[in-house]
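This briefing concerns charged side chains, a strand residue and a pair of packed helices. Please keep the sequence and the structure in view while reading.

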Amino acid sequence: MKPATAAAVEEAEAFLAAHPEIVAVDIFLVDPNGILRGKTVRRHELAAIYRSGRHLPGSILGLDITGADVEETGLVWSDGDADRRGWPVPGSLKLAPWTTPPRAQVPLTLHELDGAPMAADPRHALARQADLLKADRFHPVMAFELEFYLLDREPGPDGRPRPARLPLTGERPEMIQVYGVETLDRLAPFTEEVYRAAALQGLPLETLISEYAPGQYELTLHHRGDALAAADDLVGLKRLLKAMAARAGMVACFMAKPFPGRAGSGMHLHASLADSAGTNRFADPAPDTLSPELTASIAGLLATLPEAMLIFAPHLNSWRRFAVGSYAPTAPTWGLNNRSVAVRVPAGAPEGRHLEQRMAGVDANPYLVGAVTLAGIRQGLVSRADPGPAAARYAAPETDILPPDWRDAIVTAGRSAFLKDALGAQLHHVFLALKRSEYRLFAAEVTEMEYRRTLESF
C-alpha cells in the first residue's frame with residue numbers, strides 16, 4: 001500500500017523529461033547513525049519506484065558504524081532480514097551535479113509493506129514530533145549549521161590527518177585564523193563549486209566561515225518552516241561536501257573531534273515556533289522581555305538534556321569535543337548572546353527571536369537531533385517550566401547533571417522514558433542496541449597511546 005506521504009509518479013516523469021542526460025539515480029535511506037544506505041538504479045527503474053516503492057532490507061537500519069549487522073536490534077536474523085518498502089520523499093528528486101556520467105538522487109523513507117511507517121527509520125521520529133507540536137498549533141521553524149574540516153586525502157608524515165592545501169595558492173593552513181577572509185578567498189575555487197552545486201540542488205546554502213582551527217570551516221543553511229526539510233538540507237549538504245571534496249583530492253571530515261588540542265565540530269540547530277499564520281511565537285512581547293513560549297522551551301531542553309546526550313554525542317569520539325574552556329558546552333545552561341552555553345538565545349531583531357541548541361556534534365543524526373529537540377521543547381511548553389537565570393559569562397560545569405562519558409550516556413538513555421517517547425519504542429531499542437554494540441567494539445580496541453605509555457611500564 002502506498003503511504004499518503006510518498007511522492008507522486010508525475011514528479012519522476014517530469015524530472016526525467018527535463019533531464020534526458022540522467023543515466024542513473026542514487027536512492028538512499030539515512031540510518032540511525034546518519035549514514036546513507038541505498039542503491040544506484042538505472043534511469044528506466046525510477047518511475048516504478050515512485051509507483052510501487054522499492055523493497056529494501058530492514059536490516060540496513062540495524063547496522064553499526066562499521067556497516068556490520070547488530071542482531072540485538074531485532075532487524076537481522078530474528079526478523080528474517082525481512083524487506084520493507086522505501087518510498088521517495090516528495091520534492092526531493094535532485095541532480096547530483098558532481099557525477100559523470102550524470103546521475104540524480106532521491107532520499108527514501110522506509111515503510112512496512114502495509115504502508116505504515118517503519119518505526120526504526122529516524123525520519124519518522126522527527127515527523128512525529130513535528131506533528132505533535134502542530135497539533136498544539138505550534139509550527140517548528142528550523143535551520144542547521146554545519147562545522148567540518150577539509151583534510152588531505154593522504155595523511156601527513158606522522159601518519160595522521162592534516163588540513164588540506166588551499167586550492168588557490170597550494171599552501172596548507174597552519175594557524176587558526178578564525179573568521180579569516182584571506183583563508184576563504186584561497187579556498188574559493190572549491191567553495192564556488194560547492195555553491196554552484198547547492199544551487200542546482202535547491203539547497204538554501206548561506207554563509208561560509210573560517211572556523212577556530214586550521215582547515216576547519218562552517219556553512220549555514222537558511223531556516224525552513226518544515227522540520228523535515230531542514231534535516232533533509234543538512235543530509236544533502238553533507239553528501240554534497242563529501243562528494244565534491246573527494247573529487248578535489250580532499251576529505252570532508254565530520255568527526256566531532258578529529259584533532260586533540262583543536263576545536264571540535266558542532267551541528268548547531270536554530271529553532272523557533274510559528275503559529276498557523278506564520279507569526280513567530282518566540283518573538284519578544286516587549287522590549288528586553290523574552291516570550292513565555294521561548295523560556296518554557298528552553299527549560300524543557302535543559303531538563304531533558306541529560307537523557308538526550310546520547311543523541312547529541314552518539315560516538316566515542318563525540319565526547320572528546322566537550323572540553324572545559326572550549327566553545328562546546330559542558331553544562332546544562334542557557335544564556336543571551338553567550339556562546340558557551342548549551343542553549344543560546346542569539347542577538348538579533350526581536351521579531352526574529354529564536355533559540356540555538358549547541359550541544360550536538362557534527363557526527364550526530366540530524367533527524368534524531370531534531371526529534372529530541374522538538375520533544376524537549378514540547379515538554380517545556382506543557383510544563384511551563386522556568387529555565388532559571390541566564391548565564392552571563394562562560395558556564396563551566398559545576399555539577400554531575402550531565403553524563404560524564406559515552407558509557408554513562410548509553411546507560412542514561414537506556415533508562416529514559418523521555419527518550420523512548422521522543423524516538424518511539426522501536427527506534428529507541430534499535431539505537432540503544434547499536435550504541436551498546438559499538439561501545440563493546442571500541443572498548444576492545446587497544447590504542448596507540450596504551451602501547452606508547454604502558455607497553456613496558458609494569
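Axes are lines fitted to C-alpha atoms, for helices over the stretch in contact, and angles run from 0 to 180 degrees between N-to-C directions. The model discussed here is predicted. In this model, helices α6 and α8 pack with their axes 8 Å apart, and the salt bridges come to a count of 23.

**Packing of helices α6 and α8**

- Two packed helices are described by the angle between their axes and by the distance between those axes.
- For helix α6 (residues 292-312) and helix α8 (residues 406-414), the angle is about 115 degrees and the axes are 8 Å apart.
- The crossing of these two helices, α6 and α8, is left-handed.
- On the α6 side, the contact is made by P306, E307 and L310.
- On the α8 side, W406, A409, I410, T412 and A413 make the contact.

**Salt bridges**

- R51 and E13 form a salt bridge through their side chains, with an N to O distance of 3.4 Å.
- This pair links distant parts of the chain, as R51 belongs to helix α2 (residues 46-52) and E13 to helix α1 (residues 9-18), 38 residues apart.
- R51 is partly exposed at a relative accessible area of 47%, and E13 is also partly exposed, at 38%.
- A salt bridge of 3.2 Å, N to O, joins the side chains of R54 and E45.
- Here R54 is partly exposed with a relative accessible area of 21%, and E45 is partly exposed with 24%.
- The side chains of R84 and E112 meet in a salt bridge at 3.1 Å, N to O.
- Because R84 lies in strand β4 and E112 in the loop between β6 (103-111) and α3 (122-135), the pair ties together parts that are 28 residues apart in sequence.
- R84 is buried, its relative accessible area being 8%, whereas E112 is partly exposed at 24%.

**A buried aspartate, D64**

- D64 sits in the loop between β3 (54-57) and β4 (83-88).
- What is the nearest side chain of opposite charge to D64, and how far away is it? It is R37, at 6.1 Å.
- D64 is buried and has no salt bridge; the distance to R37 is 6.1 Å, and a salt bridge requires a side-chain nitrogen of Lys or Arg within 4 Å of a carboxyl oxygen of Asp or Glu.
- The side chain of D64 does make a polar contact of 2.6 Å with the side chain of T66.
- Not counting residues up to four places away in sequence, D64 touches N33, R37, V70, L434, E438 and L441.

- A104 is located in strand β6.
- Is A104 buried or exposed? A104 counts as buried, at 0% relative accessibility.
- With neighbours within four places in sequence left aside, A104 is in contact with F15, I22, A24, V25, D26, L93, K94, L95 and A96.

Key
Residues numbered from 1 in each chain as written. Predicted model: local features only at pLDDT ≥ 70, side-chain atom pairs only at ≥ 80, totals over all residues. Heavy atoms only, no water. Helix = DSSP H or I, 4+ residues; strand = E, 2+ residues; numbered from the N terminus. Buried < 20%, exposed > 50% of the residue type's maximum accessible area, 1.4 Å probe, protein only. Lys, Arg positive; Asp, Glu negative; His and termini not counted. Polar contact = N/O pair within 3.5 Å; in protein donor to acceptor, adjacent residues only side chain to side chain. Contact = heavy atoms within 4.5 Å. Left-handed = near helix turned anticlockwise from the far one by under 90°.
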